[in-house]
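I opened the model to look up a few places and note what each one touches. The entries follow in the order I took them.

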Amino acid sequence: MKLTVCGSYDELSEAAAEMIREQVSEKPESVIGFATGSTPVGMYKKLIEMYKTGKLDMSRTVSFNLDEYYPVKSSDSLSYHRFMYDNFFDAVNIKPENIHIPNGETNDPQKECEEYEKAIESAGGIDIQILGLGRNGHIGFNEPADKLYAKTHLAKLSQTTIEANSRFFEDAESVPRRALTMGMASILQAKKILLLVCGSEKRSAAAELMSSFITTDNPATLLKLHRDVTVICDREAAGK
Ligand code: F6R
């Protein structure tokens with residue numbers, strides 16, 4: 001695992017965007033796994049700037065998002081679908097037919113999850129997966145538990161996650177209790193992984209990640225099984 005500690009959120013966002021730019025410039029038809037949440041917003045802004053100044057061309061890029069609340073309408077302002085279009089997709093030249101986000105409107109979540117896995121496979125697998133870190137060590141919506149799911153599945157959000165995500169909703173009651181999410185194997189099968197970590201509230205999960213242990217109590221620690229993981233964090237998350 002390669003660790004970079006950045007002095008500021010702006011620096012972290014720049015370093016992350018630069019990694020994506022390099023990936024797309026080396027392989028324009030790259031398959032990129034995107035994440036939502038507060039952490040990657042700065043990176044999306046930098047990527048939009050790169051696109052506008054002719055440094056990034058996403059016309060052949062394919063995307064798969066990590067997760068989506070369930071049930072949720074894609075048009076809902078708090079869906080991850082809306083988040084991605086508002087914060088990124090609408091501002092760059094990625095083709096709508098190349099965008100994949102789990103369908104939070106489906107009546108058949110199991111079928112949706114199976115089809116999502118198949119779509120990733122037929123795209124040739126994910127070249128680079130971007131991740132944020134939950135306060136409890138979750139990645140995607142793979143929450144701490146005795147057993148973790150391997151593949152895309154319907155997950156129950158933990159109380160910690162419901163409380164953390166309530167900042168985007170009117171109150172904790174309005175946060176959806178479930179989500180469709182890539183599983184641990186879906187994530188670990190990506191060729192490269194880029195984990196972004198910022199803020200002091202992530203410090204303890206980040207410290208476990210940097211410890212010598214792997215535990216399903218902190219799903220992010222399983223990233224140590226992967227050969228090509230880059231962690232970019234800010235000083236608040238890195239602590240000492
Ligand atoms: C988002 C996702 C989540 C977030 C994590 C951190 O697609 O899968 O795992 O990355 O909850 O969220 P923020 O960045 O809002 O602290």
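**Ser25 and the ground rules**

Ser25 is partly exposed, as its relative accessible area is 49%. Ser25 sits in helix α1, residues 9–26. Helices (H or I, at least four residues) and strands (E, at least two) are DSSP runs, numbered from the N terminus. I also checked Ser25 against Cys233: they are 208 residues apart along the chain, and their C-alpha atoms are separated by 24 Å.

The model is predicted, so local features need pLDDT of at least 70 and side-chain atom pairs count only at pLDDT 80 or more, while totals for chains, interfaces and linings use all residues. Residues are numbered from 1 along each chain as its sequence is written, and side-chain values use heavy atoms, with hydrogens and water left out.

**Helices α2 and α3**

I looked next at how α2 (residues 41–52) packs on α3 (residues 80–87). The angle is about 40° and the axes are 10 Å apart. Axes are lines fitted to C-alpha atoms, for helices over the stretch in contact, and angles run from 0 to 180 degrees between N-to-C directions. α2 and α3 are therefore oblique to each other. For the classes, under 35 degrees is roughly parallel, over 145 roughly antiparallel, 65 to 115 roughly perpendicular, and the rest oblique.

Which residues in α2 and α3 meet? From α2 I noted Val41, Tyr44 and Ile48; from α3, Phe83, Met84 and Asn87. By class, this contact has 5 nonpolar, 1 polar and no charged residues. Contact means heavy atoms within 4.5 Å.

I then listed the buried residues of α3: Tyr80, Phe83, Met84 and Tyr85. Their cover includes α2, α5 (159–165), β2 (31–34), β3, β4 (67–70) and β5 (99–100).

Asn65 lies in strand β3, residues 62–65. Asn65 is buried, because its relative accessibility is 0%. Beyond its neighbours within four places in sequence, Asn65 contacts Phe34, Ala35, Thr36, Met84, Phe89, His100, Ile101, Pro102, Tyr116 and Met182. Met84 is also among the α3 residues that meet α2.

I found a cis peptide bond between Tyr70 and Pro71, with omega about -10°. Pro71 is in the loop between β4 and α3.

**Ile128**

Ile128 belongs to strand β6. Is Ile128 buried or exposed? Ile128 counts as buried, at 0% relative accessibility. Not counting residues up to four places away in sequence, Ile128 touches Met19, Ile20, Gln23, Val31, Ile32, Gly33, Lys192 and Leu194. Ile128 and Ala190 are 62 residues apart in sequence, yet 6.0 Å apart C-alpha to C-alpha.

**Around the ligand**

I counted 13 residues around the ligand, of which Thr39, Asp67, His138, Arg167 and Lys202 come nearest. A residue is near a molecule if one of its heavy atoms lies within 4 Å of it.

An N or O atom in the side chain of Arg167 is 2.8 Å from a ligand oxygen. A polar backbone atom of Gly140 is also 2.8 Å from an oxygen atom of the ligand. For Gly132, a backbone N or O atom lies 3.5 Å from a ligand oxygen.

**Gly140 and Thr181**

Gly140 is in the loop between β6 (128–132) and β7 (153–156). With 9% relative accessibility, Gly140 counts as buried. Apart from neighbours within four places in sequence, Gly140 contacts Leu66, Asp67 and Thr181. Gly140 and Met182 are 42 residues apart in sequence and 6.6 Å apart in space, C-alpha to C-alpha.

Thr181 is buried, with a relative accessible area of 0%. A polar atom of the Thr181 side chain lies 2.9 Å from the backbone nitrogen of Phe141. Outside four places in sequence, the contacts of Thr181 include Leu66, Asp67, Gly140, Asn142, Lys151 and His153.

**Asp228**

Asp228 is in the loop between α7 (203–210) and β10 (229–234). Asp228 counts as partly exposed, at 29% relative accessibility. Not counting residues up to four places away in sequence, Asp228 touches Lys191, Lys192 and Ile193. Lys192 is also among the residues that Ile128 touches.

Conventions
Ala, Val, Leu, Ile, Met, Phe, Trp, Tyr, Cys and Pro count as nonpolar, Asp, Glu, Lys and Arg as charged, and the others, Gly among them, as polar. Buried means under 20% relative accessible area, exposed over 50%, partly exposed in between (1.4 Å probe, protein chains only). A polar contact is a pair of N or O atoms within 3.5 Å; within protein, one must be able to donate a hydrogen and the other to accept it, and residues adjacent in sequence count only if both atoms are side-chain atoms.
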